[in-house]
Amino acid sequence: MPAIVLIGAQWGDEGKGKVTDQLGERVDYVVRYSGGNNAGHTVITPDGQKYALHLMPSGALSPNAVIVIGNGVVVDPKVLLSEIDGLAERGVDVSRLRISGDAHLIMPHHRALDRVVERYLGSSRIGTTGRGIGPAYGDKVARMGIRVQDLLDPGILRKKLELALREKNQVLFKVYNRKAIDVDATIEEYLEYAERLRPYIAETRVMLWDALDRGDTVLLEGAQATMLDMDHGTYPFVTSSNPTAGGACVGAGIPPTAITKVIAVSKAYTTRVGSGPFPTELFDDNGQHLRKVGHEYGTTTGRERRCGWFDAVVARYSCRLNGVTDLVITKLDVLTGLPTVPLCVGYEINGKRVDDMPMTQTDFHHATPIYEEHDGWWEDITKARTEAELPDNARRYIARIEEQPRLP
Ligand code: IMO
Ligand code: MG
């Protein structure tokens with residue numbers, strides 16, 4: 001009963017969708033277990049069109065897999081419906097979609113609060129995607145969230161929304177000087193979504209347990225990444241969920257003992273969107289090279305991504321934290337044409353060499369990377385499909401990553 005977890009080992013945008021794609025037809029179920037439409041993956045539809053997905057797993061394109069949105073996801077129904085329509089228009093069969101009734105809904109007050117709170121934070125802002133993710137998870141934990149199953153009971157939906165807005169409208173109006181959210185208009189809007197989403201809402205846990213009992217392959221497709229994890233990332237510059245492998249069990253409702261493989265994806269360098277510490281970040285021409293050649297602009301918000309060298313401390317942390325069995329390195333070709341390719345193998349913090357993530361965020365902020373310099377290569381490697389087809393210098397660089405302690 002193989003359950004495979006796929007996670008990002010850095011700060012997101014590692015190319016997780018590409019790996020899902022390669023697992024392709026061997027996957028019977030593809031499940032999203034955390035986050036919401038803060039994620040962004042560009043997929044190529046069967047007829048060759050490029051299309052950006054935010055809420056649906058990128059495995060939605062695997063022709064036979066059942067697509068599952070697990071209980072750990074926060075669902076903006078408007079975004080979900082537009083993705084359903086977008087895929088259907090492109091000839092993708094969306095009748096395979098199942099949404100957990102326990103997933104939480106992103107409501108208009110979540111979106112409003114996300115944006116206004118960021119504005120008030122000023123230079124201390126997180127740099128969120130502004131999609132209401134943090135406020136929706138906040139309400140979930142505070143036990144005042146509204147769930148997908150509430151769409152099926154108009155009486156409950158109204159009761160819960162009235163209760164939530166009793167507080168949130170005061171905050172929006174009195175603290176942030178914003179317009180209050182109208183209960184009736186919101187109910188009307190969400191009941192329309194309810195009618196369209198009804199056929200997809202299901203008890204996804206039992207469905208996945210049965211699948212695992214039959215020996216089907218279930219892919220738990222992570223969005224975001226290890227360093228954006230609420231508990232294990234660079235808090236508070238994180239997303240409000242648990243994208244790590246442990247989060248896959250909670251967010252999909254499958255037991256830890258069902259997991260047979262954890263695949264981590266990492267770029268051959270590093271990127272990050274939004275605020276927060278990033279020891280190997282570059283502010284020079286090399287950073288420009290990575291951004292330009294790697295097309296490092298956000299799929300969700302269009303923001304420039306911050307770029308830097310590969311960080312083995314982060315890689316080691318991710319591999320140990322997630323119990324990684326397989327590490328995939330993406331976008332090696334972006335490094336082509338650089339005279340030297342430095343690899344961060346440790347940090348210096350307050351005059352001491354460290355190989356593991358420091359305990360405090362303050363120390364992480366003060367970490368100076370220790371680099372190993374590698375000679376670059378100029379040969380075009382975009383067509384290389386085997387290790388043997390890579391130039392010696394590229395092969396040596398990858399080998400040095402492999403040799404880092406405690407990587408799989
Ligand atoms: P994928 O799945 C990169 C970042 C945001 C911000 C922080 C919090 O494409 O790898 P949020 O809106 O989640 O409250 O924002 O997290 N962030 C991502 N960065 N890739 C993502 O997803 C991200 N999802 C959230 O930029 O810094
Ligand atoms: Mg992204």
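Modeller: Ligand 1 is surrounded by 19 residues (those with a heavy atom within 4 Å of it), the closest being D13, K16, N38, T129 and T239. This is a predicted model, in which local features need pLDDT of at least 70 and side-chain atom pairs count only at pLDDT 80 or more, while totals for chains, interfaces and linings use all residues. Residues are numbered from 1 along each chain as its sequence is written, chains are lettered from A and ligands numbered from 1 in the order in which they are written, and side-chain values use heavy atoms, with hydrogens and water left out.

The shell around ligand 1 comprises 7 nonpolar, 9 polar and 3 charged residues; here Ala, Val, Leu, Ile, Met, Phe, Trp, Tyr, Cys and Pro count as nonpolar, Asp, Glu, Lys and Arg as charged, and the others, Gly among them, as polar.

A polar side-chain atom of T129 lies 2.6 Å from one oxygen atom of ligand 1. Backbone atoms take part as well: an N or O atom of Q224 is 2.9 Å from a ligand oxygen, and a polar atom of G40 is 3.1 Å from a ligand oxygen. Of the 550 Å² of accessible area that ligand 1 has on its own, the protein covers 97% (Shrake-Rupley method, 1.4 Å probe).

As for the whole chain, buried residues, those under 20% relative accessible area (1.4 Å probe, protein chains only), make up 55% of its 408 residues. Its C-alpha atoms fill a box of roughly 65 × 50 × 40 Å along the principal axes.

Key
Polar contact = N/O pair within 3.5 Å; in protein donor to acceptor, adjacent residues only side chain to side chain. Buried < 20%, exposed > 50% of the residue type's maximum accessible area, 1.4 Å probe, protein only.
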